[in-house]
Amino acid sequence: MPNLSTTAGAGIRVDSISYTWHLACLRGGHEARKVTLRIEEISDGHRTILRLSGRIQSEHLEELKAHIRRHKPAIVLDLEDVALVDVPAVRFLSTCEAEGIELLHCAPYIREWMSRERSRGE
């Protein structure tokens, strides 16, 4: 699992971590596809933005929680490049938002799903 770190100028630090897992294709004869969740940490000295790319699934939540704990309270999650999420990820994102963590570029389908999950919990 590569962990890359660089300074992007003007005191902005960018860290990048990728997690890879395999999804088996449901049709016979097809190879398994590799799908990755990438986490980039971007810091401007005042807050840290975690830019997430790919799919967020339950097996990645502990690592996301660790990133958030390291950078709280000034943390933002940028979901612009998130393609898919599972139910535990939706619940996690909803909890993050309830705790004051800003969710940038959250897809409408994720927002709707978060709302439905909150309604079920009430």
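How many salt bridges does the structure hold? Nine, if a salt bridge is a side-chain nitrogen of Lys or Arg within 4 Å of a carboxyl oxygen of Asp or Glu. Some notes on those and the rest follow.

1. Ground rules. This is a predicted model, where local features need pLDDT of at least 70 and side-chain atom pairs count only at pLDDT 80 or more, while totals for chains, interfaces and linings use all residues. Numbering runs from 1 along each chain as its sequence is written, and side-chain values use heavy atoms, with hydrogens and water left out.

2. Layout. The chain has three helices and six strands, in the order β-β-β-β-α-β-α-β-α. Helices (H or I, at least four residues) and strands (E, at least two) are DSSP runs, numbered from the N terminus.

3. Core. The largest nonpolar core has 25 residues, and Leu-52, Ile-56, Leu-77, Leu-79, Val-85 and Leu-93 touch the most other members. Such a core is a set of buried Ala, Val, Leu, Ile, Met, Phe, Trp, Tyr and Cys residues joined through side-chain atoms within 4.5 Å; buried means under 20% relative accessible area, exposed over 50%, partly exposed in between (1.4 Å probe, protein chains only). Leaving out residues up to four places away in sequence, Val-85 touches Ile-56, Val-90, Leu-93, Tyr-109, Ile-110 and Trp-113, with contact meaning heavy atoms within 4.5 Å.

4. Helix α2. Its buried residues are Ala-89, Val-90, Phe-92, Leu-93, Ser-94 and Cys-96, and the buried residues of α2 pack against β4, α1, β5, β6 (102-104) and α3. Just after α2, Gly-100 has a positive phi of about 95°.

5. Glu-102 pairs with Arg-47 in a salt bridge, the closest N and O atoms being 3.9 Å apart. Glu-102 sits in strand β6 and Arg-47 in the loop between β3 and β4, so the pair ties together parts that are 55 residues apart in sequence. Glu-102 is partly exposed at 39% relative accessible area, and Arg-47 is partly exposed at 34%.

6. A bridge between helices. Arg-118 forms a salt bridge with Glu-97, again with the closest N and O atoms 3.9 Å apart. Arg-118 lies in helix α3 and Glu-97 in helix α2, so this pair links parts that are 21 residues apart in sequence.
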